[in-house]
Amino acid sequence: MKPELRPRLPWSRIIPGLCLDVFYRRKRDFLADCRAMEAKLGPRARVTGMENIPSSGPLVIVANHLQGPGLWIGWPVALATAAVARARGDFTHWLVSVDYDRDSVEGAKKLIPGTRWAFARVAHAWSMIPVDPQKPGGAARGLLQLVREGKVAGVFPEGAVQGLKDGLHDPQPTAMRLLVRAAASGAVLLPVAFAVEGGTLTCAFLRPEASAEAAWRSVTRALAERGMDVALVAGQQSRPR
């Protein structure tokens with residue numbers, strides 16, 4: 001089944017300026033871009049559970065990595081970022097991988113040339129925390145600094161999933177360890193379940209959890225209760241339960 005949601009970026013509002021900012025290594029108003037994307041979605045976007053967003057204090061979003069042909073991960077990110085800003089006036093700093101892997105027909109992962117440079121520049125422009133899978137220490141320091149400052153961060157425990165496997169991927173041990181350290185440092189962990197239902201991108205903020213394991217279980221349970229393993233991975237609706 002082809003995905004029912006194929007949003008298109010507000011091209012003139014984002015792309016030319018982002019390209020220049022990436023080239024000149026300048027900071028960019030990521031929240032403004034997120035709001036433009038949310039407006040582009042219009043009625044094809046739905047946010048629930050806003051009451052579960054703490055009004056202040058360090059916060060780490062724990063979300064499933066919803067991406068596939070026709071749906072870039074930036075759309076769920078934009079929806080959640082704009083919602084958090086409405087709820088507490090805070091900017092969300094997302095952890096993003098600087099390595100973009102693709103699965104070949106044989107299943108072997110290959111690094112797409114030039115993506116490390118490009119992703120690092122985009123992360124800088126949008127005030128994200130770059131994650132080098134080979135050197136996760138920098139991401140850990142960046143995340144814990146945000147926690148100490150009482151700010152908001154977003155983490156995808158599955159990592160940068162680009163494969164063709166249906167359903168949720170297992171959380172990466174490194175990501176879970178980061179969440180454990182963040183919680184131990186005083187951060188509230190806020191599970192967020194992203195899905196595509198009936199042509200609508202949904203963002204469900206769930207009840208805060210005290211541990212990384214509980215937060216991830218909350219995400220998986222929320223998706224399962226909707227009668228699906230996940231709503232959209234690699235361009236296919238998941239199998240009904």
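Predicted model: local features only at pLDDT ≥ 70, side-chain atom pairs only at ≥ 80, totals over all residues.
Which residues in α6 meet which residues in α7?

**View 1. Helix α6, residues 173-184.** The helix has 12 residues. From first C-alpha to last it reaches 16 Å, close to the 16 Å expected at 1.5 Å a residue. Just after α6, G186 takes a positive phi of about 110°.

**View 2. The buried and exposed residues of α6.** Buried in α6 are A175, M176, L178, L179 and A182. These residues cover an arc of only 155° around the axis, which puts them on the same side of α6. An α-helix has 3.6 residues a turn, so residues three or four places apart point the same way. The face turned away from the buried side carries the exposed residues P173, R177 and A184.

**View 3. Elements covering the buried residues of α6.** The cover includes the strands β2 (59-63), β3 (92-97), β7 (152-155) and β8 (188-197). Helices α5 (137-148) and α7 (212-225) are also among the covering elements.

**View 4. Packing of α6 against α7.** The two helices pack at an angle of about 120°, and their axes are 9 Å apart. Because angles of 65 to 115 degrees count as roughly perpendicular and those over 145 as roughly antiparallel, this angle makes α6 oblique to α7.

**View 5. Residues in the contact of α6 with α7.** From α6, the residues are M176, L179 and V180; they meet A212, E213 and W216 in α7. By class, this contact has 5 nonpolar residues, no polar residues and 1 charged residue.

Technical notes. Residues numbered from 1 in each chain as written. Heavy atoms only, no water. Helix = DSSP H or I, 4+ residues; strand = E, 2+ residues; numbered from the N terminus. Expected span 1.5 Å × (residues − 1). Buried < 20%, exposed > 50% of the residue type's maximum accessible area, 1.4 Å probe, protein only. Arc of directions from axis to C-beta. Contact = heavy atoms within 4.5 Å. Axes fitted to C-alpha atoms, helices over the stretch in contact; angles between N-to-C directions. Parallel < 35°, antiparallel > 145°, perpendicular 65-115°, else oblique. Nonpolar A, V, L, I, M, F, W, Y, C, P; charged D, E, K, R; others polar.
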